[in-house]
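Please open the model in a viewer and follow the selections below in order.

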Amino acid sequence: MTKPLFTALQAATQPDPYPFYTELLQGPLLPYDTASGCYLASRVAVISGVLQHPAARVRPVGQPVPAALQGHRCGEVFAALLRMTDGPRQQQLKAILQRQLAAITPAQLTELCQAVLHEAIGSVRPDTIQLNQLIYQTPVRVMAQLLGMQPAAARLAATAIADFVRCLPAQADAADVSAADAAVLQLQELIQNCLQDATSWSAALSDEFGTTVAQVAAANLLGLLSQSYEATAGLIANSLICCYQQPDLAPKDQRQALLFVREVSRFDPPVQNTRRFLAEDAVIAGQHLPAGATILLLLAAAGRDPQHWTAPDQFRPYDRPGHSAVATDLSFSLGAHQCPGRQLAEQIAAQVLLVVWPHFRDLRQGAELRWHYQPSVNGRLAWFHFDKGAH
């Protein structure tokens, strides 16, 4: 393999990491990467096996919370997140969460998305819309209102969640943790207001969770907001980039928009990798791996696996085999930690894309749309700006 200019943990933020992933797909099944200290899994079959392996955990044994977050409010939230825990209780509570999310109808979602977008866009000219704010705050505001928040409270939540997610990267410093702690206080107050409304979606979820795990319910409501801020917004941003690069393929209706964002989640996913930690010795892809080993699952590489996809490097939103069904790729994980909000995220992204893209499709005649990717080891989160002198 050609020596890359970046490591596996730097790939997500590169302008084009896909040649790097392609080389990994052509190499050994589970090579050890000294730069990251991880075994690298890039193929669909290997990643699927790891995600469903009983020895693979979502957190290192003995470290349920990152050291930097221990003793902090944000650490308490982290410890209660279902996506950061394993075991029977996690599966029981996740099933409740999934059932409640499934009760949200497409009509509800469409109405909320349109209301939030109408307020955000208004009648301003396309080149004056605050695109980044629109992309990153709209999914949070929609989710917050689904939880039961009023529009003004949802706007506060969208601002606060941006501070909370600062504590999640491994490189978070003391200032990030402090900002996250302050955000947790504000978000907990907003969520408690929802829980006190017996008619709200949040109250229904909390009732099903039960009084003994009320704090877990509240933490996972906050978790839904944080996932909306990063993963859903990243899907919107990457979908907008694909529209900009191939405008002839831009969706024209809701059905096409759903197919489009599903193909984006394979072709250029917002979550490029995740990790699993072995709690005991295991044999994976024919290799004996020791307890304590870390496996970096390159979900974005799996989306280009030629053993699983036909013409994987082609962006084919409307004739991609299998995309008429949900969960055909690994970008939303698999097994115990498969994202229960996948359909919700795709529906929000599709709605936002349909409304936002027409406002920006004429930018080639004026200011050019440019972007870079925000610092992250696993997220491909585009940040946009306009270059008025590029045409």
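Select R316 and D319 to begin: the two form a salt bridge, with their closest N and O atoms 3.1 Å apart. The term denotes a side-chain nitrogen of Lys or Arg within 4 Å of a carboxyl oxygen of Asp or Glu. D319 is partly exposed, because its relative accessibility is 47% (buried means under 20% relative accessible area, exposed over 50%, partly exposed in between, with a 1.4 Å probe and protein chains only).

This is a predicted model, in which local features need pLDDT of at least 70 and side-chain atom pairs count only at pLDDT 80 or more, while totals for chains, interfaces and linings use all residues. Residues are numbered from 1 along each chain as its sequence is written, and side-chain values use heavy atoms, without hydrogens and water.

Next, select E263 and R266, whose closest N and O atoms lie 2.9 Å apart in a salt bridge. About one helical turn separates the two, because they are three residues apart in helix α11 (helices are DSSP runs of H or I, at least four residues, numbered from the N terminus). Both E263 and R266 are buried.

Move to R262 and E346, a salt bridge with closest N and O atoms 3.1 Å apart. R262 belongs to helix α11 (residues 254-267) and E346 to helix α13 (residues 342-360), so the pair links parts of the chain 84 residues apart. R262 and E346 are buried.

Finally, select the cysteines. With a disulfide defined as a pair of cysteine sulfur atoms within 2.5 Å, the count is zero. For C243, the nearest cysteine sulfur, that of C242, is 7.4 Å away. C243 is buried, because its relative accessibility is 0%.
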